[in-house]
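Keep the sequence and the coordinates open side by side.

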Amino acid sequence: MAKKSLIQREQKRKKLEEKYRLIRQSLKKKRKGSSLNPKKNKEIQRKLQSLPRNSAPIRLHRRCLFTGRPKANYRDFGLSGHILREMIHACLLPGATKSSW
């Protein structure tokens with residue numbers, strides 16, 4: 001189980017990202033459109049950098065729904081590898097089977 005402080009930090013980052021998503025997207029569109037004017041570009045870049053650091057979507061990290069583990073996550077299920085394996089063995093995931101060859 002991941003530390004609760006790390007899970008809370010991820011939730012805080014997710015809220016910040018949602019809050020500033022539209023502002024960030026509009027600034028990026030403006031920056032892309034004003035590629036000919038370097039002064040305007042620098043001003044837009046300064047505004048982008050003034051946004052909170054944790055509001056950037058790149059800082060979000062996928063975590064396992066059950067354990068909060070940040071590594072070896074499968075996007076399709078939202079689970080870490082070992083939890084996914086245990087659930088497949090217990091037949092809790094429909095359509096997923098343990099492969100053997």
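Lys-47 and Glu-43 join their side chains in a salt bridge, 3.8 Å from N to O. A salt bridge here is a side-chain nitrogen of Lys or Arg within 4 Å of a carboxyl oxygen of Asp or Glu. The two residues are 4 apart in helix H2, so about one helical turn separates them. Lys-47 counts as partly exposed at 43% relative accessibility, and Glu-43 counts as partly exposed at 42%. Buried means under 20% relative accessible area, exposed over 50%, and partly exposed in between, with a 1.4 Å probe and protein chains only.

This is a predicted model: local features need pLDDT of at least 70 and side-chain atom pairs count only at pLDDT 80 or more, while totals for chains, interfaces and linings use all residues. Residues are numbered from 1 along each chain as its sequence is written, and side-chain values use heavy atoms, with hydrogens and water left out.

Stay with H2. Helices (H or I, at least four residues) and strands (E, at least two) are DSSP runs, numbered from the N terminus. H2 covers residues 38-50, and its 13 residues should span 18 Å at 1.5 Å a residue; the end C-alpha atoms are 18 Å apart, which agrees. The expected span is 1.5 Å times one less than the number of residues. Asn-37 caps the N-terminal end of H2, with a side-chain oxygen 3.3 Å from the backbone nitrogen of Lys-39.

The salt-bridge count comes to 3. Glu-17 and Arg-21 form one of them, at 2.8 Å from N to O. They sit 4 residues apart in helix H1, about one helical turn. Glu-17 is buried at 8%, whereas Arg-21 is partly exposed at 37%. Arg-13 also forms a salt bridge, with Glu-10, and their closest N and O atoms are 3.4 Å apart. Both lie in H1, 3 residues apart. Arg-13 counts as buried at 15% relative accessibility, and Glu-10 counts as buried at 11%.

Which charged residue is buried yet has no salt bridge? Arg-24 is, and its nearest side chain of opposite charge, Glu-17, is 6.6 Å away. Lys and Arg count as positive and Asp and Glu as negative; His and the chain ends are not counted. Arg-24 belongs to H1, residues 4-33. Its side chain makes a polar contact with the side chain of Ser-55 at 2.7 Å. A polar contact is a pair of N or O atoms within 3.5 Å; within protein, one must be able to donate a hydrogen and the other to accept it, and residues adjacent in sequence count only if both atoms are side-chain atoms. Beyond four places in sequence, Arg-24 is in contact (heavy atoms within 4.5 Å) with residues including Leu-48, Leu-51 and Pro-52.

Now the nonpolar cores. A core is a set of buried Ala, Val, Leu, Ile, Met, Phe, Trp, Tyr and Cys residues joined through side-chain atoms within 4.5 Å. The largest has 7 residues: Cys-64, Leu-79, Ile-83, Leu-84, Met-87, Ile-88 and Leu-93. Helix H3 (residues 81-89) supplies the largest share, 4 residues. A second, separate core of 6 residues includes Leu-16, Tyr-20, Leu-27 and Leu-51.

Finally, check the backbone. Ala-72 has a positive phi of about 55 degrees, although it is not a glycine. Ala-72 lies in the loop between H2 and strand E1 (73-74).
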